[in-house]
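Please walk me through this structure in plain terms.

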Amino acid sequence: MTLSGTLPDASALPVLERLVRAVPGVVDAEARLVAPD
(Lines give C-alpha, C1' and ligand atoms only; values in the text may rest on other atoms or scores of the structure.)
Protein backbone atom coordinates (compact mmCIF):
# COMPACT_ATOMS: atom_id res chain seq x y z
CA MET A 1 0.00 0.00 0.00
CA THR A 2 1.28 3.47 -0.81
CA LEU A 3 0.15 6.50 1.16
CA SER A 4 0.47 9.83 -0.62
CA GLY A 5 -0.65 13.34 0.10
CA THR A 6 -0.09 16.19 2.52
CA LEU A 7 -0.18 16.01 6.30
CA PRO A 8 -0.95 19.10 8.36
CA ASP A 9 1.59 17.97 10.98
CA ALA A 10 4.71 15.84 10.40
CA SER A 11 4.43 14.29 13.88
CA ALA A 12 1.34 12.37 12.68
CA LEU A 13 3.35 10.30 10.18
CA PRO A 14 4.60 7.54 12.55
CA VAL A 15 1.12 7.13 14.02
CA LEU A 16 -0.47 6.95 10.58
CA GLU A 17 2.02 4.33 9.40
CA ARG A 18 1.38 2.15 12.48
CA LEU A 19 -2.38 2.41 12.03
CA VAL A 20 -2.22 1.46 8.35
CA ARG A 21 0.08 -1.53 9.02
CA ALA A 22 -2.41 -2.74 11.66
CA VAL A 23 -5.21 -3.09 9.07
CA PRO A 24 -5.85 -6.78 8.31
CA GLY A 25 -4.43 -7.74 4.92
CA VAL A 26 -1.89 -4.90 4.75
CA VAL A 27 1.57 -6.43 4.39
CA ASP A 28 3.59 -3.22 4.07
CA ALA A 29 3.04 0.49 3.67
CA GLU A 30 5.15 3.07 1.87
CA ALA A 31 4.66 6.69 2.86
CA ARG A 32 5.07 9.37 0.21
CA LEU A 33 3.75 12.18 2.34
CA VAL A 34 4.77 15.79 2.75
CA ALA A 35 4.30 18.07 5.74
CA PRO A 36 5.13 21.71 6.43
CA ASP A 37 8.49 22.37 8.09
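Arg32 is exposed, because its relative accessibility is 54% and the cut-off for exposed is over 50%. In this predicted model, Arg32 takes part in a salt bridge with Glu30, and the closest N and O atoms of the pair are 2.8 Å apart. Glu30 has a relative accessibility of 38%, so Glu30 counts as partly exposed.

The structure holds two salt bridges.

Next comes the fold. Strand β1 covers residues 2–6 and strand β2 residues 30–34; the two pair in the parallel sense over five bridges. Between them the chain passes through helix α1, residues 13–21, in a β-α-β crossover that is right-handed. Within the strand pairing, Leu3 has Ala31 in β2 as its bridge partner.

Some totals describe the whole chain. Among contacts with a separation of 6 or more, 63% link residues 24 or more positions apart. Of the 37 residues, 11% are buried. The accessible surface is about 2,900 Å², and carbon and sulfur atoms contribute 59% of that area. Along the principal axes, the C-alpha atoms fill a box of roughly 30 × 15 × 10 Å.

How values were computed
Residues numbered from 1 in each chain as written. Predicted model: local features only at pLDDT ≥ 70, side-chain atom pairs only at ≥ 80, totals over all residues. Heavy atoms only, no water. Pairing = 2+ DSSP bridges. Helix = DSSP H or I, 4+ residues; strand = E, 2+ residues; numbered from the N terminus. Right-handed = clockwise from strand over helix to strand, strands pointing away. Buried < 20%, exposed > 50% of the residue type's maximum accessible area, 1.4 Å probe, protein only. Contact = heavy atoms within 4.5 Å. Areas by Shrake-Rupley, 256 points an atom, 1.4 Å probe, with all protein chains shown as cover. Salt bridge = Lys/Arg side-chain N within 4 Å of Asp/Glu carboxyl O.
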